[in-house]
Amino acid sequence: MDKVDELLKRLDIKYPPCGFYIGDGWFPIVASALEAMVLAGWDRDLQQVKQKFCGLRIYIGATTPEIEALIDSAEARCWKACEHCGKPHGIDFKSEMGGWGEALCKVCR
């Protein structure tokens, strides 16, 4: 069982129908967000977790302002973290990547 399956099982969340596709560097951020969402009363309706345009996306069913704030916080943290190792990447996405590609630090690139 991989760490995604273990996390989802521990939190009693079904594997999202549209997938769970992020690098190891972002995993702790997403795990923390999902744990906080469950504690905040989220119904555990997870649809998809992925990287899109170098940013984290967490798609869920019904939401509340508190749950949305937790997702926004996780997405903001990932804008600064390497997808692979989790360290700050220091990339200016508009000039260096045009919003496409992976959010990687210089070492992982």
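These legends describe close-up views of a predicted model. Local features need pLDDT of at least 70, side-chain atom pairs count only at pLDDT 80 or more, and totals for chains, interfaces and linings use all residues. Residues are numbered from 1 along each chain as its sequence is written, and side-chain values use heavy atoms, with hydrogens and water left out.

**View 1. The largest nonpolar core has 29 residues.** A nonpolar core is a set of buried Ala, Val, Leu, Ile, Met, Phe, Trp, Tyr and Cys residues joined through side-chain atoms within 4.5 Å; buried means under 20% relative accessible area (1.4 Å probe, protein chains only). Among the residues with the most contacts inside this core are Phe-20, Leu-34, Trp-42 and Ile-60. Helix 2 (27–39) is one of the elements that supply at least two residues, and helix 2 gives the most, with eight. Helices (H or I, at least four residues) and strands (E, at least two) are DSSP runs, numbered from the N terminus.

**View 2. Trp-42 touches Ile-13, Leu-34, Met-37, Ile-60, Ala-62 and Ile-67.** Residues up to four places away in sequence are not counted; contact means heavy atoms within 4.5 Å.

**View 3. Three strands form an open, mixed sheet in the order 1-2-3.** Strand 1 (20–21) and strand 3 are the edge strands, each pairing on one side only. Strands pair if DSSP finds at least two bridges between them. Strands 1 and 2 run parallel and are joined by two bridges, and Tyr-21 stands opposite Lys-50 in strand 2.

**View 4. Gln-48 lies in strand 2.** Gln-48 is buried, with a relative accessible area of 14%. Its side chain reaches the backbone oxygen of Cys-18 at 3.0 Å, a polar contact being a pair of N or O atoms within 3.5 Å; within protein, one must be able to donate a hydrogen and the other to accept it, and residues adjacent in sequence count only if both atoms are side-chain atoms.

Notes
Buried < 20%, exposed > 50% of the residue type's maximum accessible area, 1.4 Å probe, protein only.
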